[in-house]
2 protein chains.
Amino acid sequence: MTASPRILEVRRNVLKHNDVIARELRERFRQAGVFVVSLVSSPGSGKTTFLEKTLSLLRPRYRVAALVGDLATENDAARLARSGAPVRQIVTGTVCHLEAEMIRGALGDWDLAQLDYLFIENVGNLVCPASYDLGEDGRAVLLSVTEGEDKPLKYPPIFHGADWALVTKFDLAEAAEFDFEAARRNLTAVCPGAAVLTVSAKTGKGMEEWVRVLAQRGRFAEG
Amino acid sequence: MTASPRILEVRRNVLKHNDVIARELRERFRQAGVFVVSLVSSPGSGKTTFLEKTLSLLRPRYRVAALVGDLATENDAARLARSGAPVRQIVTGTVCHLEAEMIRGALGDWDLAQLDYLFIENVGNLVCPASYDLGEDGRAVLLSVTEGEDKPLKYPPIFHGADWALVTKFDLAEAAEFDFEAARRNLTAVCPGAAVLTVSAKTGKGMEEWVRVLAQRGRFAEG
């Protein structure tokens with residue numbers, strides 16, 4: 001709407017620029033042999049707790065690390081660091097999503113060959129991160145049971161590109177009167193290629209299965 | 001980061017253009033004597049259920065209507081229409097927020113003098129809507145108990161401009177182990193001017209208080 005053609009043109013250029021850097025990152029990740037997973041979701045759907053648990057479960061067997069984006073505060077990096085994994089925070093200011101250039105900047109000269117898995121936790125936003133390739137191998141979208149079953153239909157772009165759809169806070173499913181079958185139908189309609197998993201980072205239920213799924217996809221699993 | 005100066009310049013112009021239309025809308029609302037409240041929050045924090053309940057509670061005494069924004073689907077307009085109030089849906093496509101021009105377009109030649117309250121439900125997004133004035137008299141930000149107490153600190157711009165901070169899904173507070181005092185501290189730090197209310201649209205608890213607060217702020221209350 002507002003100033004549409006101009007905004008669209010600039011946006012196209014920004015995305016083009018982003019894609020160039022994302023390709024560069026993807027090649028760097030491939031050469032280093034690190035498998036990169038990004039996490040996207042609404043604010044408050046439990047990305048950080050989920051990621052902290054994921055890092056802890058992977059750490060005994062794999063070398064893992066994380067980048068985490070937020071508008072403000074370094075709280076999430078501090079929380080994730082409790083897992084023992086190396087973590088770097090990206091503070092975006094007013095920017096509502098991560099971009100490939102922010103990833104490149106945060107990585108600096110980090111020796112990625114020392115890692116098996118790198119996780120990138122995006123800013124909590126179910127819209128804008130959908131457009132920005134970060135060079136990742138796979139994208140996990142989280143949907144907590146308290147958000148409602150209709151979210152895939154209302155925010156299709158971000159669900160559309162997901163490799164994994166993780167239904168989080170499953171311990172609250174009953175209290176939230178969450179209809180999993182309805183959610184699954186909506187997820188299948190919008191992201192037919194995504195594996196749907198139910199998890200509770202709080203009770204741990206479903207987390208081992210997620211880690212198994214991840215381990216099947218890591219580079220070392222591929223050869 | 002990416003293409004920052006150029007993006008910033010275009011963004012500045014878009015916001016300037018938005019402000020002009022928002023001022024025009026504000027004047028139109030004032031002349032019509034309608035009190036306009038916008039609602040912002042994460043996806044899934046319960047805006048639509050909350051608004052449906054609000055419309056139902058106000059309807060016996062006031063003339064109310066709503067505009068509702070979503071990337072896709074007209075589901076929310078259909079849900080809100082159950083209250084009996086006139087409702088118009090704005091489908092934004094890939095745009096992550098409402099802009100004043102979208103409001104003007106959706107209103108068309110609607111005779112606003114026939115209304116006491118108009119509600120505008122924004123796209124679920126805790127970042128981008130913060131920058132766009134819609135000509136409203138007041139902005140309510142919703143934070144559901146399942147999202148965590150830290151959200152005001154992590155998404156300060158949208159909380160900063162709020163007139164009311166509504167802690168929603170309060171019926172789930174115990175199950176979600178929500179620490180209300182911590183949330184209140186964070187809200188007070190980021191939006192010291194906002195009235196903090198706890199509500200459950202499901203049980204109805206706190207809704208009458210919210211409607212009383214609103215009635216004190218409507219134009220007819222002012223004179």
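Is A:Asp76 buried or exposed? A:Asp76 is buried, at 0% relative accessible area (buried means under 20%, exposed over 50%, partly exposed in between, with a 1.4 Å probe and protein chains only). Welcome to a predicted model, where local features need pLDDT of at least 70 and side-chain atom pairs count only at pLDDT 80 or more, while totals for chains, interfaces and linings use all residues. Residues are numbered from 1 along each chain as its sequence is written, chains are lettered from A and ligands numbered from 1 in the order in which they are written, and side-chain values use heavy atoms, leaving out hydrogens and water.

**How the copies meet**
- Chain A brings 46 residues into contact with 47 residues of chain B (contact means heavy atoms within 4.5 Å).
- About 3900 Å² is buried between chain A and chain B, and carbon and sulfur atoms give 61% of that area (the accessible area, 1.4 Å probe, that two parts lose on being put together, summed over both).

**Charges across the interface**
- Six salt bridges are found across the interface of chain A and chain B (a side-chain nitrogen of Lys or Arg within 4 Å of a carboxyl oxygen of Asp or Glu).
- One of the structure's salt bridges pairs B:Asp76 with A:Lys154 at 2.7 Å, N to O.

**A salt-bridge network**
- A:Asp76 also forms a salt bridge with A:Arg79, at 3.7 Å, N to O.
- These two residues are three apart in helix H3 of chain A, so about one helical turn separates A:Asp76 from A:Arg79 (helices are DSSP runs of H or I, at least four residues, numbered from the N terminus).
- A:Arg79 is partly exposed, with 25% relative accessible area.
- In chain B, B:Lys151 and B:Asp150 meet in a salt bridge of 2.7 Å, N to O, and both residues are buried.
- Shared partners link A:Asp70, A:Asp76, A:Arg79, B:Asp150, B:Lys151 and B:Lys154 into one salt-bridge network.

**Another helical pair**
- A:Glu209 and A:Arg212 form a salt bridge at 3.0 Å, N to O.
- A:Glu209 is partly exposed at 35%, and A:Arg212 is partly exposed at 48%.
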